[in-house]
Amino acid sequence: MFPLPLLRVLALAAALQQSTPSATSPIAPPRDSGAAIRSITIDERLAAAAGLSVGDRVLLAPAAGAVGDSVVIAAITRRGADPSEVARSEYRVRLHLDHLETLTRSGDRVGRFAVQSREEADPSAVSAAINEAAFGFRAYPAAEVAVETSATFRVVNRFHRAIGVITIVASAIFLLCITLLKVDERRRDVGALRLIGMSRSSVVRAVVLEASLVSLIGSIMGAGLGWFASWVVNWYYQGVYATPLRFAIVTPSIVVFAVTLSLGLGVIAGLLAAQRLVRRAPLELIGR
Amino acid sequence: MREIVLAARDVRRDYPVVGEPVHAVRGISLDVAAGDWVAVVGPSGCGKSTLLNLLGAIDRPTAGSISIRGKDVARMNDAEATRFRLTGIGFVFQRFYLMPTLTASENVELPMSEAKVPRAQRVARARELLTYVGLGARADHRPYQLSGGEQQRVAIARALANQPALLLADEPTGELDARTGTEMIALFDRLNRDGTTIVTVTHDEELAQAARRVVHMKDGAIVDQVVRRPLGDDAPAARGATA
C-alpha cells in the first residue's frame with residue numbers, strides 16, 4: 001500500500017506539475033486500466049524512492065488516514081534536462097484536475113496552467129487573444145517564459161564566458177612565454193645551424209613547424225582530456241541529481257575552436273620566438 | 001703550382017668598445033693552397049678563433065680582403081655569407097653541435113637538405129661519409145647514444161656533406177680525451193691526404209704537429225710559420241693511431 005505521508009508530497013508535486021507539463025516524457029508505457037479506476041503518472045524519481053511501478057494502485061488523499069481515491073499508476077515519466085530543476089528534490093505526479101483540487105483543498109482554483117496551441121498558430125497572437133478575452137490572469141508565450149526563467153542562466157553563461165576568455169588569454173601568454181623560453185634554450189642548436197649555413201628563413205620555418213606540431217598534438221590531447229573530464233563530471237552529477245542533464249559538454253565545434261586557437265597561438269609563438277633568435281648573430285647564439 | 005683556395009690580405013678586426021677599440025686581428029695575410037693543412041696556434045686571446053670566424057664568413061673584417069676560391073667573403077651580405085658557409089666551407093666545432101633529435105645520418109644530411117640535394121642522393125652520401133669516418137654501423141644512432149669522439153666524427157662528416165673547398169676546425173680535439181683526440185688527429189690526417197684542405201685552430205700540440213704547416217699567432221698577428229710537411233708529402237703524419 002502507498003505510504004500515506006507521501007501523499008502530501010504527491011499533492012504538492014502535483015501542483016508543481018501543472019506549470020510545466022511538457023518537461024516530462026514517459027519511460028514506461030501507459031497501461032489500459034479500464035473505466036472503473038482512474039490513473040495517474042509519476043516520475044521515475046518517485047517511482048524509485050517509493051518502489052512503485054506501472055500498474056500499482058495508490059491512494060490519493062489530502063492527509064494521512066484521510067479518505068481518498070484509489071488510482072492506478074498508468075505510466076512512469078522521465079524529467080527533461082532542465083537546468084532550473086536540477087537542484088530541486090521534489091517528485092512529480094500527473095493527475096486529474098478534480099484529484100488535484102481535492103488534494104489541495106482549493107476547488108476551482110489554479111495558479112498556472114499551460115495551453116498548447118496548434119503548430120501553425122502564432123504563440124504571440126494566441127496569448128494576445130487570450131489576454132484580450134480573459135479576466136484575472138495573463139497569458140505568456142512559452143518562449144517569453146523561457147527567456148524570463150533562464151535569465152539567471154544567461155548571467156551564469158556570461159560569467160562562464162568571461163572565465164573562458166580569461167583562461168584563454170592567460171594560457172596564450174603562458175604558451176608564448178614557454179615557447180620563447182624553450183626556443184631560447186635551444187639557441188646553441190640554432191646558432192650551430194646558422195653557422196653551418198642554414199638560412200634565417202629555414203630556421204624560422206623549422207621552429208614554427210615544430211611549435212605548430214606541438215600545439216596541434218597538445219590541443220588534441222587537451223580535447224581528449226576535456227572529453228574524459230566532462231564524461232566523469234556528467235556521470236557523477238547525473239547520478240547525484242538523478243537527471244539526464246549534461247553538466248559539461250565537449251562539442252565538435254568546441255574541439256575545432258580549441259585546436260584552431262591552439263594552432264594559431266602556436267604559430268604566433270613559434271614565429272615570435274624564432275624571429276627573436278635569428279635576429280641575433282650566430283656567434284652570439286653559441287655564446288662566443 | 002697548386003690552386004690557392006684561401007687568400008687573406010692584411011685582414012684586420014677591431015671591436016669597438018668604450019675607450020680604445022680592441023684590435024683582435026692586426027693585418028694578417030695568409031695563403032692556403034689546395035690540399036694544405038694549416039694549424040693556427042697561440043696563447044688564449046691571441047685572435048685565433050677571431051681569425052677562423054673571419055676566414056669562415058661568420059664575421060666580417062674591419063679591413064682587408066678574404067678570398068676563398070676567388071670569392072671575396074669579406075664583402076658578402078648576410079644571406080650570401082650564409083649560403084657560402086653552406087656550400088663553400090665545412091665547420092667542425094669543439095662542442096660538435098649536433099642536433100640532438102636527429103640521427104647521425106640525418107645530422108649529416110642536414111646541410112645537403114638545406115642545399116636542396118635530392119633525398120636519395122643525400123642519404124647515399126651521408127652513409128658514404130659516415131662509413132668514411134668509421135661510423136657506418138651507427139648511422140641510425142642519435143647523438144646521446146654516441147661517445148664524444150663518435151659525435152665529433154659525425155660533425156666532420158656533416159662538415160664534408162656539401163663537398164666544401166675548405167674545412168675549418170675550431171679546437172676539434174678540445175672536448176675529447178687523449179686517446180680519442182689521437183684518433184681524431186688520424187682522421188684529419190687521412191682527410192687531408194685524401195685531398196681536403198684544412199685550417200684548424202688548436203691548443204693541442206699533437207694536432208698542431210700533425211698539420212703540414214703551423215702558424216703561430218700572438219696579439220692578433222702571425223709571428224711565425226713552420227712548414228712541417230710540404231704539399232705532396234703524403235706520408236701519414238699522425239702518430240699512434242690510424243683513423
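Student: How many bridges join strand β9 of chain B to β10(B), and do the two run parallel or antiparallel?

Tutor: Strands of a sheet pair through backbone hydrogen bonds, in either a parallel or an antiparallel manner. In this predicted model, β9 (residues 213–218) of chain B and β10(B) run antiparallel and are joined by six bridges.

Student: Which residue stands opposite V214(B)?

Tutor: The residue opposite V214(B) is V226(B), which belongs to β10(B).

Student: In what order do the strands of the open sheet in chain B follow one another?

Tutor: The sheet has six strands, and reading across it gives β6-β7-β8-β3-β9-β10 of chain B, with mixed pairing. From one strand to the next, the twist averages 20°.

Student: Which strands stand at the edges of the sheet?

Tutor: The edge positions are held by β6 (89–92) and β10 (221–227) of chain B. Each has a single partner strand, so one side of each is left without a neighbour in the sheet.

Student: Turning to helices, at what angle do the axes of α3 and α4 of chain B cross?

Tutor: The axes of α3 (residues 104–114) and α4 (residues 119–132) of chain B cross at roughly 125° and come within 9 Å. The two helices are therefore oblique to each other. The crossing of α3(B) and α4(B) is right-handed.

Student: Is D204(B) buried or exposed?

Tutor: D204(B) is buried, because 21 other C-beta atoms lie within 10 Å, and the cut-off for a buried residue is 20 or more. D204(B) is located in the loop between β8 (198–201) and α7 (205–210) of chain B.

Student: With which residues is D204(B) in contact, leaving aside its neighbours within four places in sequence?

Tutor: Those contacts of D204(B) are with T173(B) and G181(B).

Student: How many residues of chain A and of chain B are in contact with each other?

Tutor: The size of an interface is often given as the accessible area lost when the parts come together. Here, in terms of residues, eleven of chain A are in contact with 15 of chain B. On the side of chain A that touches chain B, α7 (187–195) and α10 (282–285) of chain A each give two or more residues. The largest share, four residues, comes from α7(A). This side of chain A divides into six nonpolar, three polar and two charged residues.

Key
Residues numbered from 1 in each chain as written. Chains lettered and ligands numbered in written order. Predicted model: local features only at pLDDT ≥ 70, side-chain atom pairs only at ≥ 80, totals over all residues. Contact = placed C-beta atoms within 7 Å. Nonpolar A, V, L, I, M, F, W, Y, C, P; charged D, E, K, R; others polar. Buried ≥ 20, exposed ≤ 12 C-beta atoms within 10 Å, placed from the backbone. Axes fitted to C-alpha atoms, helices over the stretch in contact; angles between N-to-C directions. Parallel < 35°, antiparallel > 145°, perpendicular 65-115°, else oblique. Left-handed = near helix turned anticlockwise from the far one by under 90°. Pairing = 2+ DSSP bridges.
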